[in-house]
Each structure stands twice: as C-alpha cells, then as structure tokens.
Amino acid sequence: MLFSGGKAASSGNRFVQTLNLARHLFWAGAFSVTAYVLRILIVVGLGLLIWLGLRKIWRDWSRQFRAEDEEKRQLRRERD
C-alpha cells in the first residue's frame, strides 16, 4: 500500500512503488551524505589554503630576517 492512497495495490504495482520508495530513500540519503562530504571538503580546502598562506608568509619573513642578519654581519666584518 505504498503511495497507493489507501487502495490495495496489485503485486506489479506494489513492486514499482517499492522501487520508487527505495530510489527516493537512496537519493535522499545520497544527497545528505553529499552535503556533509561537500562541507568537509570546503573546510579542509579552506584550512589548506590558510595553512599554505601562513607557511609562505613565515618563509618570506624568515628569508627577509636572514638577509638582514647577513647584511649586519657583513657590515660588522667590513667595519672590523
């Protein structure tokens, strides 16, 4: 009696209705899982972008500080 409006369904019709219900439940579950996976991928992607950006900033600053330190050492050596 799935989706039959309360009427008794024939066996062939009941089979089709059961398939339709299974298809509906499968896709409803698939879309909700897809939404969770999509959310997780977005969060991971944003986290990766932030991490890579911070890593680049750290390397640039470290390289700049090393260059400044080396310049100070060179000036001290020339002065001595």
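A word on what we are looking at. This is a predicted model, in which local features need pLDDT of at least 70 and side-chain atom pairs count only at pLDDT 80 or more, while totals for chains, interfaces and linings use all residues. Residues are numbered from 1 along each chain as its sequence is written, and side-chain values use heavy atoms, leaving out hydrogens and water.

Now the overall picture. How many helices and strands does the protein chain have? There is one helix, and there are zero strands. Helices (H or I, at least four residues) and strands (E, at least two) are DSSP runs, numbered from the N terminus. Our helix is α1, covering residues 11-79. Of the 80 residues in the protein chain, 5% are buried. The chain's accessible surface comes to about 7400 Å², and carbon and sulfur atoms account for 67% of that. Those areas come from the Shrake-Rupley method with a 1.4 Å probe; for residues, only the protein chains shown count as cover.

Back to D60, then, and its partners. A salt bridge here is a side-chain nitrogen of Lys or Arg within 4 Å of a carboxyl oxygen of Asp or Glu. The structure holds three of these salt bridges. In one of them, K56 meets D60, at 3.7 Å from N to O. Both sit in helix α1, four residues apart, about one turn of the helix. K56 itself is exposed, with a relative accessible area of 53%.

D60 also pairs with R63, with the closest N and O atoms 3.5 Å apart. Those two are three residues apart in helix α1, so about one helical turn separates them. Put together, K56, D60 and R63 are linked in a network of salt bridges.

Further along, E70 and R73 form a salt bridge too, with their closest N and O atoms 3.0 Å apart. E70 is partly exposed at 32%, and so is R73, at 36%.

Last topic: surface patches. Patches are made of residues with over 30% relative accessible area and no salt bridge; like charges are joined within 9 Å, and nonpolar side chains (Val, Leu, Ile, Met, Phe, Trp, Tyr) within 5 Å. Which residues make the nonpolar patch? I50, L54, I57, W61 and F65 do, over about 540 Å². I57, for instance, lies in helix α1 and is partly exposed, at 40%.

There is also a patch of positive charge on the surface, where K72, R76, R77 and R79 gather. Lys and Arg count as positive and Asp and Glu as negative, without His or the chain ends, and a charge is placed at NZ of Lys, CZ of Arg, CG of Asp or CD of Glu.

Methods. Buried means under 20% relative accessible area, exposed over 50%, partly exposed in between (1.4 Å probe, protein chains only).
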